[in-house]
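Me: I am new to this structure and would like to go through it step by step. Please take my questions one at a time.

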Amino acid sequence: MIRAGEISKGVFLLIKNEPYEVVEREFVNPGKGSAFVRLKMKNLRSGQVLKQVNKTHETLEEIQVEDKPYQYLYADDNSYHFMDTATYEQIEVGKVGHEEKQQYLKEGNEYQLVLWDADPIEIEIPYKMVFAVTEAQNAIKGDTVTGGTKPVTLETGLVVRVPLFIKQGDRVLVNTETNEYVERVNS
Amino acid sequence: MRQFFRDKGFLETDTPILAPFLIPEPSFEVFSTLRLSDGKEGQKLYMVPSPELWMKRLLASGASGSQDIFQISKCFRNSEPSSGIHLNEFTMLEWYARGRDYLYNTGLTEDLVIHLLEALGTDEKIKCRGTEVDLVAPFSRISMRDAFLQHASLDLDKCGETEELRKAAENRGISTMTDDSWEVLFHRIFLMLVEPGLPVDRPVFLSDYPARVRTLAKQKPGGQYAERWELYIAGIEIANCYTEAAGEPWIRDFFQEERERKNALCRVIHPADTELGEILSQGKLPPCSGTALGCDRLLMVLLGAENIQEVLPFRQ
């Protein structure tokens, strides 16, 4: 159990037998009343968003989870497929609720999966990742209107704005929280 | 800010930061410290979360004569979240207008905001935390009952019983706990449906809180609502005002109940200022209306800062 006032973004909770991840937490202290927290949570099975208000002293059921590294293999229509590289055991994560993760999944890369009772409920995307540029238009000379950036498509389908000197085939480091270009990576 | 109040004939006060007792307020934690006496641990002292206990004493004692009083001072609240709008050490403006009620202070607060805009040379249209706000007076005014009718389709007049309010909350998809009091249920609905629906494109005075949300505000005739407002700008609470309760026997019980809740809920426990409870319940406070305004928050809004830390010379 965890006190609502101690919940932070990223905490996993069990509400009505469904696993949720807290995506936003705001403390509200309506004047002279009790202290409350406003929680915004994502259901890790359905992707649905749940908003809830709790007193800071209320307790909620925290899920005990475990992080474990898995190699990403491929995606089919419904699931992402991963493999435990020690045991070669394969594991599936349903796409529902995790649709936006696909643009950060590179075949052969290792990701941490969040396991709850051996059930994978979340894919942790590294804060920064390197991607190859698969589609980029050549810069037009004198183009300063767009602030010296252009959109390019990366190997996973993710589109980010990069400086004009980036070419197709280059590798770039991207902040996966903001989808912002960080730098070009050599080799 | 000082000039504004001096021009209106207010007397500036300066009251202690350290106090041996405080008004018990269970919704936040306070800071405590120890006074050394002959090198040994002596009395426990507490850093004030607002100057209210002292300013009300000044008014009740007659020390400030018949003048209105104001103060700009550092206040302290422990364990505040790092939310971009909370600080552990902050600057509060608090003023008491004698012989006036809470409605008088809406006008004065509007005038103050406009005065500060002019002093800063800032445009009336400001942008704060992604919201554009037009600071032209008059600001919006809405009563809590109307706000509940508009945003929760709920008539507070018809929800006097705890069970009625619980049903109303659950019908609106809000989960409740079996031991929720009327006040907690009210806040659950307020925070889920009403507060998010308040206009953010202009400042709003949200007024006439249910009397069951217990504060030191005077009750309106009928006893169901209290003469209290909160000012929201860009969705942020900026100021809180009451017509001050005095000469009411329930004030003594209020201090006692709040002390019990404080002791049950908070980590830092302090002696309650029961003397002030007596002063207020015996009606020694002259009729007045008091307002507390968070200066850092107001500055943040007027300057369009995204985070309250940006208006501080040193980050906390």
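Me: Is B:E244 buried, partly exposed or exposed?

Reply: This is a predicted model, in which local features need pLDDT of at least 70 and side-chain atom pairs count only at pLDDT 80 or more, while totals for chains, interfaces and linings use all residues. Residues are numbered from 1 along each chain as its sequence is written, chains are lettered from A and ligands numbered from 1 in the order in which they are written, and side-chain values use heavy atoms, with hydrogens and water left out. Relative accessible area, taken with a 1.4 Å probe on protein chains only, sorts residues into buried (under 20%), exposed (over 50%) and partly exposed in between. The relative accessibility of B:E244 is 7%, so this residue counts as buried.

Me: With which residue does B:E244 form a salt bridge?

Reply: A salt bridge is a side-chain nitrogen of Lys or Arg within 4 Å of a carboxyl oxygen of Asp or Glu. For B:E244 the closest N and O atoms of the pair are 2.7 Å apart, and the partner is B:K56.

Me: How many residues apart are B:E244 and B:K56?

Reply: Helices (H or I, at least four residues) and strands (E, at least two) are DSSP runs, numbered from the N terminus. B:E244 sits in the loop between β12 and α7 of chain B, whereas B:K56 belongs to helix α2 (residues 52-61) of chain B, and this pair links distant parts of the chain, 188 residues apart.

Me: What is the relative accessibility of B:K56?

Reply: B:K56 is the salt-bridge partner of B:E244. B:K56 counts as buried, because its relative accessibility is 1%.

Me: Which helix of chain B holds the partner of B:R141 in strand β9?

Reply: B:R141 forms a salt bridge with B:E110, with the closest N and O atoms 2.9 Å apart. B:R141 lies in strand β9 (residues 140-143) of chain B, so the pair ties together parts 31 residues apart in sequence, and B:E110 lies in helix α3 (residues 102-120).

Me: How many residues of strand β13 of chain B are buried?

Reply: Strand β13 (residues 288-294) of chain B is largely enclosed by the rest of the structure, because the buried ones number six of the seven residues.

Me: How many bridges join strand β6 of chain B to β13(B)?

Reply: Two strands pair if DSSP finds at least two bridges between them. β12(B) and β13(B) pair in the antiparallel sense over five bridges, with B:N240 having B:A292 in β13(B) as its bridge partner. Strand β6 (residues 89-98) of chain B also runs antiparallel to β13(B), and the bridges joining these two number seven.

Me: Which element supplies the largest share of the side of chain B that touches chain A?

Reply: Contact means heavy atoms within 4.5 Å, and by that rule 27 residues of chain B are in contact with 18 residues of chain A. The count between these chains is two salt bridges, and one of them joins the side chains of B:E195 and A:R38 (2.6 Å, N to O). The largest share of the side of chain B that touches chain A is seven residues, and it comes from α6(B).
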